[in-house]
Amino acid sequence: MKKILTITAGAALFLLPSCIQEFQPQGSTVTEDQAANAPGSYDSFVNGLTSSVAGQFTFPGSRYQQPNDFGYPSLMLMREMTGQDMVAVGGGYNWFSTWYQSGVTLAPIYLNCQYPWTYYFGQIKNCNTIISLAGESPSELHKAGAGLAHAWRAFYYLDLAQMFSPVSYAQDKTAPTVPIITEKTDMAAASNNPRATYEEMLNFILSDLTLAETYLNGYTRSSKESPDLSVVNGLRARVYLLMEDWVNAEKYAKEAQKGYSVMTADQYTDPVNGFNDANYTNSWMLCCTFKKDDACMVYQAGNHSWGSWMINELPNIGENGYGYYSKYGAGNFIDYHLYQTIPATDARKKCYVDFKVDESTSINEVVTALAAYSDVPEFVCQSGLAINSNTNGANAWGGMPLKFRAKAGNHTTNLDAWCVDVPLMRVEEMVLIEAEAAGRQDEARGKILLENFAKTRDANYVYGKHNEAYNNTETSPFVNEIWWQRRVEFWGEGLAMYDVKRLNKGIIRSYAGTNHVDGYRWNTNTPPQWMTFCIVQTETDNNTACTNNPTPIAPSGNSPEHAW
């Protein structure tokens, strides 16, 4: 990866001397003055809040249009890779392996470090522009747009706080997060803008959510790509969960659930509509959507997209191939031990190929076995063969995910198959936040809520089966049960890293039978250092008050095997 030279994230304030092309955050090519004077531009800016979430390159038009850069869902996978539940297979062909391997290019001078920083602050700049245009007392025509901007800004800053703070809020309220850039931040302020403490950041986010609630009152969204009051309450529930304010976490999680229902087990595992259509169930609260004319879909026939990395039911045909699974033998698998802890009666186990399939003695036997997971088992077989070839037989089909399906069951045209919705918030998260928050106050009450949810996935669910001591004993058996449910329920949805840091858990990749890649089988007692992202160097160079996090240092060699 190339070293980076770029502008600061704080709204494109500084230009650096360089022979390398200056990179602008996406969506920042229209100035505020232009927006204010152009007819209909305010609405265009508001619409851009959703259209820019996914499907665009962070650095459009540059040579750094990478297969791991397709908007917010790529950030979800970067976070997933830092833990133990997702395995990056495919060696150098897996463009997310840097986060899995704690690679050197996570350091502040490299492009991999700049991706998240530039993406988030590019989106925040768009929010700030709308908030500034709407003014402190938005008119009726501007209220909804201002409300959406405040909601999205809260959404992005909540991510940034968890990604860049070295510890959880509960451990240290004064821990640094990131500098806060608002619509009122000028050049002088941005150049001397310290990282907000966790407490300052969460209070700022709550203030944004209060304004979002005010301005979105009476607003009816046209699709789940935009937040509404239910999402605002869901974000509040996430914030109060971090703050360990159990009363408010329970209150807002319960409020956020109104009008939604938990998807059924059959819906969760649907081979045609599973996790690709926000309206297929009444469970999704917020999503982003890939469209055929998105830059990431147009470029190389969509190989630089979520579907290329998470949907493996297309064959390797056509000029550009059909995804990293089948074309390059690279993909993202579920951790072997987590898979083994899912009971056979739990519907979610059907979302991952049984590791026993790897013991098959013929391709026909493999295809027959894969028919239990897919309508096109021969295509899934082909993906496994590509991975097997690329990893020298270390991986094949066992643990391959089939949670995220091709759009409407399309297995022949990648641009149709990969134009999917991706979940950013589901009501199941609110149900589990309510259960945890209730249980932290009264364990018996929380246990009832947990069991009610768990039985929607496994009618034979038995409480207490998943209370393994994941390298520390700081949380109760009840909280460990909640954590296990969250790990299984939201696999691949970008929440796993946040839970590890919030609960002060370690990760375990080295154990008997592990499918983690040799050389990266690491065990830690607490959240690993590489779960704390570095700030891009150009920010600290130009913002004199901004400190940075230490560059991650990968462990040397595998850890001794953990005994479960």
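## A look at the predicted chain

Of the 564 residues in this chain, 62% count as buried, where buried means under 20% relative accessible area, exposed over 50%, and partly exposed in between, with a 1.4 Å probe and protein chains only. What you have here is a predicted model, so local features need pLDDT of at least 70 and side-chain atom pairs count only at pLDDT 80 or more, while totals for chains, interfaces and linings use all residues. Residues are numbered from 1 along each chain as its sequence is written, and side-chain values use heavy atoms, with hydrogens and water left out.

Let's start with the overall build. The chain holds 23 helices and four strands; these are DSSP runs numbered from the N terminus, helices being H or I of at least four residues and strands E of at least two. With a radius of gyration of 23 Å, close to the 24 Å that the globule rule gives for 564 residues, the chain is as compact as a globular protein of that length. That radius is taken over C-alpha atoms, and the rule is 2.2 Å times the number of residues to the power 0.38. The C-alpha trace spans about 65 × 55 × 45 Å along its principal axes.

Contacts (heavy atoms within 4.5 Å) reach well along the sequence: among those between residues at least 6 apart, 70% join residues at least 24 apart.

Now for strand 1, residues 86–89. Met86 and Ala88 point one way and Val87 and Val89 the other, and all of them are buried. In a regular strand the side chains alternate between the two faces of the sheet. Strand 1 runs antiparallel to strand 3 (residues 331–334), and four bridges join the two; two strands pair if DSSP finds at least two bridges between them. Ala88 stands opposite Asn332 in strand 3.

Most residues other than glycine have a negative phi.
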